[in-house]
Amino acid sequence: MSPLDAGDGQTLLPLRVSLIVGTRPEAIKLAPVAIALLAMPEVEPMIWCTGQHAHWAPEMLAHFNLEPSRLMPPPPSGQGLTQMASHILTQMQTSIQDDRPQVMIVQGDTLSAFTGAVAAAYAGLPLVHVEAGLRSGCRKDPFPEEVHRRAIAAFADLHCAPTEAAWQTLIDEKLSASDVLLSGNTVIDALHLIRDLVPANDLTPASMDPARPLIVVTCHRRENWGARYEAVCKAMRQLARRGDCEVAFVTHPNPALSDIARVLLDGQPRLHRLPPLAYPSFMNLLERAALVLTDSGGIQEEAAALGVPTLILRDTTERSEGVAAGIARLVGTVEADIVSAAGGLLDDLPALRASRVPCDAYGDGRAAHRIASAIRERWSDRRTPVVHPQISDPAAALASRLRARA
Ligand SMILES: CC(=O)N[C@H]1[C@@H](OP(=O)(O)OP(=O)(O)OC[C@H]2O[C@@H](n3ccc(=O)[nH]c3=O)[C@H](O)[C@@H]2O)O[C@H](CO)[C@@H](O)[C@@H]1O
């Protein structure tokens, strides 16, 4: 029987599923799900870019040979969370009216994920939450992600937990086990896919000595803006001055950060301020790192999968698996603490290199397949039959025309 055949001679249209992509990490983490759904003839995936990262999100999708089916107009720049949310929510309503999805998917904890969940609830549509069940334990950190995660859990019908701990969190929050899927994190699928799709791309600055251990740094979370960000930059300056390592500080285009970065990072011989990198290039850099310092969620997961020891530039993490496995450690954002933690590791390079053991706590690279299969199984009955135009009785039609002439 064809996947488009209902079995009683009736032809069914594919299930229309919209994937909400707002930011760079959502594009990376939903690309494998879109690819898995595209491989299913019973499903018609549609990627909606909300305009939150208007330029970055489509660019990241392109690395996976994916194109958005809808580009919403970005929220006007310089707006606060409330105005941005209301702009995206209005766009979401128009998109639902025009494209008539039958299931919606959101990922993680961004503003786009949150507004997508609200829009699905208002439209009465089933909602899938990818990367469900992460909790930092502190409602205001990271902000606003932690409140978004908790709110999305209240709207979702299928919760795709990336790890056993996340699965247990959702069960402890009294969700029915039949609505919680232990899928694994799709970022691990993305990492494998990108290695297959794009040739390795080495963007190391010529001034970087490949013989020295490489430290990769990213820092841009909202709660680290201001004095904390300055402290991180100053710590990197101190580490670079040791002269026995190369520091690649991959920056974020937010002017509130890039201005500070330029002032505090430039002019140091072993400290390299790099612009945001394309996903394949960033993965290439991460693979070569001896140590990573980051406040990013996705990078904690990717570094663990690659076995790169990680110092987390935050006071809490919702990704406790890496810490439990010993591949990651929370160091916060106090300058002296960062220098002492990273310096201690660099002082014993053989031990640092020996600790480079890939950790599979975040998934096995098959998360997207599990999620796509669960969606197909759960909501195939929402597919609508093809409506054929009425075939009229030719004799009756002729009789009626003759009657009309008479
Ligand atoms: C701490 C936190 O709340 N983080 C949330 C945030 O992501 P997260 O903190 O991961 O967001 P980032 O902006 O750091 O993006 C990380 C991703 O971008 C890639 N990268 C990074 C730098 C670069 O130059 N080029 C590049 O491609 C990394 O490989 C990684 O895959 O939104 C995600 C999407 O909902 C959620 O899963 C995370 O929980």
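**Close-up 1. S18 and its bridge partner.** Let's start with a pair of residues: S18 has M104, in β4, as its bridge partner. The strands involved are β1, residues 15–21, and β4, residues 103–107, which run parallel and are joined by three bridges. Please keep in mind throughout that this model is predicted.

**Close-up 2. The seven-stranded sheet.** Stepping back from that pair, we meet an open sheet of seven strands with parallel pairing. Reading across it, the order is β3-β2-β1-β4-β5-β6-β7. At the edges sit β3 (70–71) and β7 (180–182), each of which pairs on one side only.

**Close-up 3. Helix α1 on its strands.** Which strands does helix α1 lie across? Residues 24–38 make up this helix, and it lies across β1, β2 (43–49), β4 and β5 (127–130). Relative to β1, helix α1 runs at about 165 degrees.

**Close-up 4. The six-stranded sheet.** Here is another open sheet, with six strands in the order β10-β9-β8-β11-β12-β13 and parallel pairing. Its edge strands, β10 (271–274) and β13 (328–330), each pair on one side only. On average, neighbouring strands of this sheet are turned by 20 degrees against each other, direction ignored.

**Close-up 5. V247 opposite L271.** Look for V247, which stands opposite L271 in β10. Strand β9 (residues 246–250) runs parallel to β10, and four bridges join the two.

**Close-up 6. Helices α10 and α11.** Helix α10, residues 279–287, lies across β8 (214–218), β9, β10 and β11 (291–294), and runs at about 135 degrees to β8. Helix α11, residues 297–306, also packs on the sheet, where it touches β8, β11 and β12 (310–312). The direction of α11 makes about 165 degrees with that of β11.

Terms used
Residues numbered from 1 in each chain as written. Predicted model: local features only at pLDDT ≥ 70, side-chain atom pairs only at ≥ 80, totals over all residues. Heavy atoms only, no water. Pairing = 2+ DSSP bridges. Contact = heavy atoms within 4.5 Å. Axes fitted to C-alpha atoms, helices over the stretch in contact; angles between N-to-C directions.
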